Amino acid sequence: MNDTVKLEHNFFTLMGQAQQFTVDRAALKKRFRTLQREYHPDRFAAKTPQEQRLAVQFSAHLNTAFATLDNPVKRATHMLELSGVTIDHQNSTIKDPVFLMQQMETREAFDDARADNDLPALESLLNQVNSQFQACQQDFAALFDASQLSASADEKNVRDTVGKMQFYEKLSDELTSLIRSLTQ
Amino acid sequence: MALLQISEPGQSPVPHQFKRAIGIDLGTTNSLVAAVANKGGADNGVAKVINDAEGRAILPSVVHYNDSGAQCVGYEAQAIAADDPFNTLASFKRLMGRGLNDVSDTSQFQIVTPNNALADSTNKNDVIRIATAAGEVTATQASAEILKCLTARAADALGGAIEGAVITVPAYFDDAQRQATKDAATLAGLNVLRLINEPTAAAVAYGLDKADDRYIVVYDLGGGTFDVSILQLSEGVFEVLSTGGNSALGGDDFDLAIVQWALSQANISAEQLSAQEYRRLLIDARAAKESLTDNDSVAVSIQSSLVVWAGELSRETFDGLIDTLVTATIAACKASLNDADLTAGEIADVVLVGGSTRVPLVRERVTALFQQAPKTDVDPDQVVALGAAIQADSLIGNNRDSDLLLLDVIPLSLGIETMGGLVEKIIHRNTSIPSTRAQEFTTYKDGQTALAVHVVQGERDLVSDCRSLARFELRGIPPMVAGAARIEVVFNVDADGILDVSAKEAITGVSAHVQVKPSYGLEESEIAQMLKASYSHASEDRDARMLAEQRVEAEGLVDAVNMALAQDGHLLNDAERTEIDAAIAAALAIAGQSDAQAISDAVAALGRVTDTFATRRMDQSVRAALQGKSIDDVADGSL
């Protein structure tokens with residue numbers, strides 16, 4: 001197949017960002033919009049089917065790149081992939097007992113507050129989860145930049161940190177949508 | 001063809017050529033067509049609605065059939081409706097892309113056809129077919145008649161064949177309904193540049209795409225439907241945050257309220273009037289409603305064989321009659337605000353769509369809710385068509401300076417069925433489109449050689465709660481132990497929100513593919529069949545037009561290839577260059593003859609041999625863009 005555009009698979013390069021966890025969101029969005037303005041299929045609507053197909057491909061790739069860099073968990077996963085570490089989110093397990101215990105407690109608090117429709121409790125839980133999520137992101141940034149994944153111990157540690165981030169993100173989403181449905 | 005036309009900054013590759021592009025508001029009750037006039041002409045780049053020969057902008061979305069097919073549309077069909085209700089279809093947009101399963105409320109199709117005459121071939125999973133004198137008809141076919149009529153009107157007004165169209169659809173339309181709309185355009189022989197959401201079109205007509213980031217409410221009260229949409233404009237990108245409304249509430253209900261009032265004042269019942277007398281009263285009621293927009297009171301009368309009654313309807317009384325109806329629309333606005341997680345005070349603009357928004361009480365209530373006067377400068381009947389025309393003009397390439405770019409999101413999640421009737425979402429709702437996602441699956445039994453892929457749309461976890469879009473099978477997987485096969489399923493959603501799914505087994509390369517033609521849509525072969533049937537009427541005209549079109553296309557392609565060769569010939573080796581030169585010569589030779597098919601084949605052949613060239617040019621352009629050079633340094637935006 002020679003009909004595919006060579007897609008740049010390093011999203012940091014594609015989006016003109018330094019390859020690090022902290023991204024400049026304003027610059028990211030600006031870059032995304034500049035590229036979409038040039039390559040969105042709408043710019044090719046009056047052109048030939050082949051040009052349209054190439055544009056759809058490239059535009060879809062830009063959408064994926066933006067969505068990846070814009071989201072902390074996806075961004076971290078992408079950074080690991082670029083370093084040759086793949087994460088299987090479905091099958092990875094975290095063995096940190098302190099973290100696991102803490103999560104079980106959070107879950108219980110969540111279930112209780114949900115059962116009681118206890119809005120203040122849910123909101124305070126959300127604040128707590130979000131700050132843990134933030135802290136976890138800072139851990140990742142520190143770990144990744146310090147080690148650059150040189151030692152396998154670091155790799156395990158970094159992997160776990162991404163797993164925890166994913167955990168917090170999911171919990172935060174669930175809490176947010178529950179709170180929204182209760183306040184309507 | 002496959003060429004990126006790259007030229008010197010500030011220079012167009014070809015002298016600017018005006019292309020005829022139209023915007024169509026394909027409405028439930030009424031449809032309209034609009035276009036942006038050629039720059040330099042009298043109307044200098046302004047979007048205008050195109051009227052029919054009688055000077056009417058609106059085409060009622062009504063089609064009348066007789067035994068030779070679709071006999072007439074619009075006002076003409078509306079006039080026949082009373083005499084021949086069984087063969088006259090109205091409001092068929094309600095059935096676009098819908099199967100019996102979707103239409104739980106049978107009143108939905110009684111609006112379309114009073115006799116409830118669903119064709120025998122309609123089974124639960126199929127698209128609804130209605131029996132008429134012309135045979136079984138789908139909503140897609142009826143819509144195609146409306147599109148044909150509007151396209152012909154526009155071609156007359158603009159002085160030539162229409163090269164592209166933007167058609168509007170409700171924001172809540174799902175994949176099947178969007179596909180059905182595209183199918184209708186195909187049947188009408190219309191090239192669809194893009195389907196855009198109605199509320200987005202209305203916002204574009206007001207030039208809001210050039211505004212700062214904000215939230216916009218579009219309040220659309222049509223004849224028979226009410227829709228409210230909340231849009232977010234963020235750096236020139238429109239996103240639909242929430243939609244709501246009532247598919248059985250519209251301006252027609254205001255008319256009915258006046259009819260009920262007059263009947264009770266005259267102390268008679270509707271049954272005591274003849275059909276004709278009742279129709280007359282309904283028409284008078286509508287006129288009274290319109291009159292009350294500018295007057296404080298209006299005379300209403302009933303003339304029947306039993307009673308002659310004359311009275312005066314004041315604005316105050318009328319407001320009282322429609323109070324509950326208007327309150328219901330305001331409640332829907334509040335619900336949509338909630339869904340979008342916004343308060344009324346956060347809304348920067350309120351855009352009114354639909355003729356019924358002229359009613360003073362509606363404007364009063366909307367103003368009170370959003371604490372600001374709604375936008376009303378653009379005719380609310382025309383605003384959607386005008387926005388579509390502006391977008392069409394930009395897409396076809398007439399307006400090179402236009403910065404208008406509508407980035408859309410997918411309204412509902414797409415996924416496939418996995419074990420236990422569960423849905424695995426592959427593309428989540430609100431993902432920016434176009435979008436490509438791949439997911440790997442495996443076999444669950446030893447020796448399994450086939451895999452059924454069931455594509456569904458919706459937010460729920462169970463397949464039974466989602467809408468089934470398509471099923472296909474991947475066969476010929478070599479027998480392996482369970483879990484050894486690696487099957488990659490790829491979803492591609494284009495900029496119109498239409499899906500294409502393929503599946504491939506990684507080890508053997510066995511693949512299967514389906515362009516999602518939902519169970520509710522029309523099969524490709526069905527469309528071909530319908531197209532053939534419609535061609536047979538005026539085959540000679542069409543042949544001549546086809547030949548002319550093919551010649552234009554061949555010449556355009558050859559010009560473009562030559563231009564590309566002059567600029568980027570160095571991207572090719574000698575053998576490739578020779579092959580392209582030969583294909584150009586062949587295309588030119590055949591274009592001089594009168595065989596449309598042969599020309600089309602030659603164009604296709606030239607397109608094929610320039611594929612690689614086009615790709616290299618695109619790569620070159622993208623690489624340059626990525627190196628941080630301004631795009632303007634490599635191209636003038638006319639890729």
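1. Which domains does the domain assignment of chain A give? The assignment gives domain 1 (11-70) and domain 2 (97-182). Their C-alpha centres lie 30 Å apart. Keep in mind throughout that this is a predicted model.

2. Chain A is built from helices. There are seven helices and zero strands. Read from the N terminus, the elements run α-α-α-α-α-α-α. Of the 184 residues in chain A, 34% are buried. Now take the contacts in chain A between residues at least 6 apart in sequence: 64% of them join residues at least 24 apart.

3. Chain B has both kinds of element. It holds 16 helices and 27 strands. Buried residues make up 43% of its 639 residues. For contacts in chain B with a separation of 6 or more, 68% come from residues 24 or more positions apart.

4. Next, the domains of chain B. The assignment lists domain 1 (15-206 + 378-402), domain 2 (209-376), domain 3 (410-522) and domain 4 (540-634). Note that domain 1 is written as two stretches, 15-206 and 378-402. The C-alpha centres of domain 2 and domain 3 of chain B are 43 Å apart.

5. Now the interface. Here 30 residues of chain A are in contact with 34 residues of chain B. On the chain A side, α2 (25-39) and α3 (49-70) each supply at least two residues. The most comes from α3(A), with eight residues. By class, the chain A side divides into 10 nonpolar, nine polar and 11 charged residues.

6. A word on helix pairs in chain B. Two packed helices are described by the angle between their axes and the distance between the axes. Take α6 (residues 251-266) and α8 (residues 315-339) of chain B. Their axes come within 10 Å and cross at roughly 130°. An angle over 145 degrees would count as roughly antiparallel, and 65 to 115 as roughly perpendicular. The crossing of α6(B) past α8(B) is right-handed.

7. Which residues of α6(B) and α8(B) meet? From α6(B) come B:D253, B:F254, B:A257, B:I258 and B:W261. From α8(B) come B:F318, B:L321, B:I322 and B:L325. This contact has eight nonpolar residues, no polar ones and one charged.

8. The second pair is α13 (residues 574-591) and α14 (residues 596-609) of chain B. They pack at an angle of about 165°, and their axes are 9 Å apart. That angle makes α13(B) roughly antiparallel to α14(B). Here α13(B) passes α14(B) in a left-handed crossing. On α13(B), the residues in the contact include B:E579, B:I580, B:A583 and B:I584. On α14(B), they include B:A598, B:I599, B:A602 and B:V603. The classes are 14 nonpolar, no polar and one charged.

9. Is helix α5 (residues 198-205) of chain B enclosed or open? Eight of its eight residues are buried, so α5(B) is largely enclosed by the rest of the structure. Among the buried residues are B:E198, B:P199 and B:T200. Just after α5(B), B:G207 takes a positive phi of about 70°.

10. Some backbone details in chain B deserve a look. A cis peptide bond joins B:I433 and B:P434, with omega about 5°. B:P434 sits in the loop between β21 (432-433) and β22 (435-441).

11. For B:S91, phi is near 55°. B:S91 is in the loop between β7 (88-90) and α2 (107-112) of chain B. It counts as buried because it has 22 C-beta neighbours inside 10 Å, and the cut-off is 20 or more. For B:D341, phi is about 65°. B:D341 lies in the loop between α8 and β17 (349-353) of chain B. B:D341 is partly exposed, with 14 other C-beta atoms within 10 Å.

12. Last, B:G45. This residue is in the loop between β2 (30-36) and β3 (47-49) of chain B. B:G45 is partly exposed, with 15 other C-beta atoms within 10 Å. Its C-alpha atom is separated by 37 Å from that of B:A332, 287 residues apart along the chain.

Terms used:
Residues numbered from 1 in each chain as written. Chains lettered and ligands numbered in written order. Predicted model: local features only at pLDDT ≥ 70, side-chain atom pairs only at ≥ 80, totals over all residues. Contact = placed C-beta atoms within 7 Å. Helix = DSSP H or I, 4+ residues; strand = E, 2+ residues; numbered from the N terminus. Nonpolar A, V, L, I, M, F, W, Y, C, P; charged D, E, K, R; others polar. Buried ≥ 20, exposed ≤ 12 C-beta atoms within 10 Å, placed from the backbone. Domains from an automatic or database assignment. Axes fitted to C-alpha atoms, helices over the stretch in contact; angles between N-to-C directions. Left-handed = near helix turned anticlockwise from the far one by under 90°. Parallel < 35°, antiparallel > 145°, perpendicular 65-115°, else oblique.
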